[in-house]
Amino acid sequence: MKLPRVILRLALVAPWIVFGLLCVGLAYPFMELPARAGLNRYWSRKLMAMCGIRVVESGDPVLSGPVLWVANHVSWVDIFVVNSVRATAFVAKSEIRGWPLIGWLAAGAGTLFIERGQRHAVHAVGESVQARFRQGVAVGLFPEGTTSEGDTVRPFHASLFEPARTAGVPIQPVVLRFLQHGRRSPLAAFVGEETLAVNLWRVLGATGLAVEVEFLPPLQAQAPDGQPVSRLEMSRLARAAIAARL
């Protein structure tokens with residue numbers, strides 16, 4: 001049954017991706033930010049449903065005003081899962097821009113791409129993040145800098161916590177748990193040298209996939225002694241909060 005399932009889902013997903021590209025290229029330039037955000041959220045929810053992925057939301061996400069959502073990273077699915085809750089401008093590695101279709105959609109939806117290894121990259125992206133905050137936008141960050149199979153959290157990079165910390169923007173940890181038939185599963189994990197095509201084939205051919213997205217309480221910006229929390233400490237606290245809920 002896997003091949004017919006993949007074919008059926010591709011028949012749904014392909015036109016939906018074309019529709020998304022048309023929206024990005026033709027409609028977005030003439031739409032106000034709230035309208036674009038609403039369309040982005042609707043499109044992402046439908047995409048996950050067409051891929052056979054159920055999104056289960058819990059916690060209290062910050063749904064208005066600027067926020068930095070900090071999440072563990074498992075798959076290309078992560079961006080669309082979070083966008084199904086609230087339209088989010090993600091910071092992502094520059095390689096994603098070159099991915100067929102998904103990279104184009106991510107770029108059109110406002111993803112901020114960072115070139116790893118470039119000394120000026122963090123500063124440039126930090127300025128772009130600040131600009132998004134001034135617009136009242138949610139920004140998403142995967143501080144691990146890479147994906148895992150979803151059962152552990154790799155060390156966090158703290159540098160991009162700084163724009164939110166200095167601007168006084170809430171930093172909210174987000175936990176992504178992948179399940180199949182109710183049990184934790186690495187099936188959708190996009191890790192190692194696997195190609196996007198192989199991962200898509202496996203995801204589209206699977207049944208019973210779900211992603212639990214849990215929004216934890218925002219981090220406290222001040223320590224008990226009243227001193228501001230450093231970006232390194234923010235990073236440590238966010239990682240510990242996410243790891244405790246995986």
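## Surroundings of Ser84

Ser84 touches Arg41, Ser44, Arg45 and Val55, leaving aside residues up to four places away in sequence. The model described here is a predicted one. Ser84 lies in the loop between α3 (77-83) and β3 (88-93). With a relative accessible area of 3%, Ser84 counts as buried, because buried means under 20%.

## Helix α1

Helix α1 covers residues 2-27, which is 26 residues. At 1.5 Å a residue, α1 should span 38 Å, and its end C-alpha atoms are 36 Å apart, which agrees.

The buried residues of α1 are Val6, Arg9, Val13, Trp16, Ile17, Gly20 and Cys23. In an α-helix there are 3.6 residues a turn, so residues three or four places apart point the same way. The buried residues of α1 pack against α2 (33-50), α4 (102-108) and α7 (196-204).

## Packing of α1 and α2

Two packed helices are described by the angle and the distance between their axes. The axes of α1 and α2 come within 10 Å and cross at roughly 165 degrees. The two helices are therefore roughly antiparallel to each other, since angles over 145 degrees count as such. The crossing of α1 and α2 is left-handed.

On the α1 side, the contact is made by Arg9, Leu12, Val13, Trp16, Ile17, Phe19, Gly20 and Cys23. On the α2 side, Leu39, Tyr42, Trp43, Lys46, Leu47 and Met50 take part. By class, this contact has eleven nonpolar, one polar and two charged residues.

Conventions
Residues numbered from 1 in each chain as written. Predicted model: local features only at pLDDT ≥ 70, side-chain atom pairs only at ≥ 80, totals over all residues. Heavy atoms only, no water. Helix = DSSP H or I, 4+ residues; strand = E, 2+ residues; numbered from the N terminus. Buried < 20%, exposed > 50% of the residue type's maximum accessible area, 1.4 Å probe, protein only. Contact = heavy atoms within 4.5 Å. Expected span 1.5 Å × (residues − 1). Axes fitted to C-alpha atoms, helices over the stretch in contact; angles between N-to-C directions. Parallel < 35°, antiparallel > 145°, perpendicular 65-115°, else oblique. Left-handed = near helix turned anticlockwise from the far one by under 90°. Nonpolar A, V, L, I, M, F, W, Y, C, P; charged D, E, K, R; others polar.
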